[in-house]
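Good morning. Please have a look at the sequence and the model before I start talking.

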Amino acid sequence: MGDVDEQADQGAQVRARLAEVRARLAQAARAAGRDPAAITLVAVSKGQPLERIHAALEAGQRVFGENYVQEAQAHWLALRPRLPDLELHLVGALQTNKARDAVRLFDVIQTLDRPRLARVLAEELKRPEARTRRLLIEVNTGEEPQKAGVAPTELESFLRSCRDELGLPVTGLMAIPPAEEDVALHAALLVGLARRHGLREVSIGMSADFETAIAFGATIVRVGTAIFGERAPKPSAQPSSATSS
Ligand SMILES: *Cc1c(COP(=O)(O)O)cnc(C)c1O
């Protein structure tokens with residue numbers, strides 16, 4: 001098969017997978033007595049070639065997630081002017097020295113996870129070029145020592161300082177549960193925390209478990225490989241999330 005055929009084929013695959021994920025999402029929502037339209041599908045395009053992103057756009061997908069600021073710029077800066085309804089979410093760890101670029105590019109930052117980042121974002125969001133309108137606090141629901149996110153017991157005071165002292169537009173919570181654990185427990189915990197604090201958005205669930213997350217109340221699911229197929233490994237120029245400042 002030639003390159004052109006191969007790309008056409010990949011595009012068709014992405015469109016078919018996206019349709020299937022949307023159908024599964026709607027089915028899971030209805031089974032839980034929920035309105036499918038109340039659940040946002042974030043198509044996570046990190047590590048994916050532009051052809052596959054174009055295919056998802058052709059199929060009407062407009063909400064995308066990225067993990068790395070630089071890769072996200074490469075994917076989206078040229079496309080954005082033609083896509084007024086595009087909504088970009090940052091779902092990867094944010095280093096404070098990338099905060100300025102991040103608030104210029106992303107509509108939603110899902111990984112607010114520490115006081116220093118909160119303070120930097122509060123400053124950057126005052127700039128006229130800032131486009132970020134919603135922030136989600138990442139909660140370390142599995143209480144894994146090496147993982148980003150605030151501990152469930154620290155959420156209340158962190159949220160108070162973000163919302164009340166810094167005036168940040170926090171609209172929800174996000175979690176990345178431990179890989180081997182059932183997402184259900186983590187989704188239930190996150191939904192309970194969001195309710196208690198009057199937050200409407202709950203971001204949990206990925207390719208392997210988004211239907212379960214919906215059954216337990218997720219309002220945002222982040223799906224990569226089930227839509228786009230296998231991705232390239234992490235870019236090596238990007239420091240790992242463990243070293244974020
Ligand atoms: C990569 C990633 C996803 C998507 O994962 P898949 O298993 O490919 O669906 C979702 N959320 C976060 C935070 C990610 O880093």
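**Around the ligand**

The shell around the ligand divides into six nonpolar, four polar and three charged residues. In that count, Ala, Val, Leu, Ile, Met, Phe, Trp, Tyr, Cys and Pro are nonpolar, Asp, Glu, Lys and Arg are charged, and the others, Gly among them, are polar. Before I go on: this is a predicted model, where local features need pLDDT of at least 70, side-chain atom pairs count only at pLDDT 80 or more, and totals for chains, interfaces and linings use all residues. Residues are numbered from 1 along each chain as its sequence is written, and side-chain values use heavy atoms, with hydrogens and water left out.

Which of the 13 residues around the ligand come nearest? They are Lys-46, Asn-67, Ser-207, Gly-224 and Arg-231; a residue is near a molecule if one of its heavy atoms lies within 4 Å of it.

Now the polar contacts, meaning pairs of N or O atoms within 3.5 Å. Ser-207 has a polar side-chain atom 2.5 Å from an oxygen atom of the ligand. For Asn-67, a polar side-chain atom lies 2.8 Å from a ligand oxygen atom, and for Arg-231 the distance from a polar side-chain atom to an oxygen atom of the ligand is 2.8 Å. The ligand taken alone exposes 380 Å², and the protein buries 89% of that; these areas come from the Shrake-Rupley method with a 1.4 Å probe.

Next, the strands. Helices (H or I, at least four residues) and strands (E, at least two) are DSSP runs, numbered from the N terminus. Two strands pair if DSSP finds at least two bridges between them. Strand 2 (residues 63-66) runs parallel to strand 3 (residues 87-90), joined by four bridges.

To finish, the chain has nine helices and eight strands. Its C-alpha trace spans about 55 × 40 × 30 Å along the principal axes.

Notes: Polar contact = N/O pair within 3.5 Å; in protein donor to acceptor, adjacent residues only side chain to side chain.
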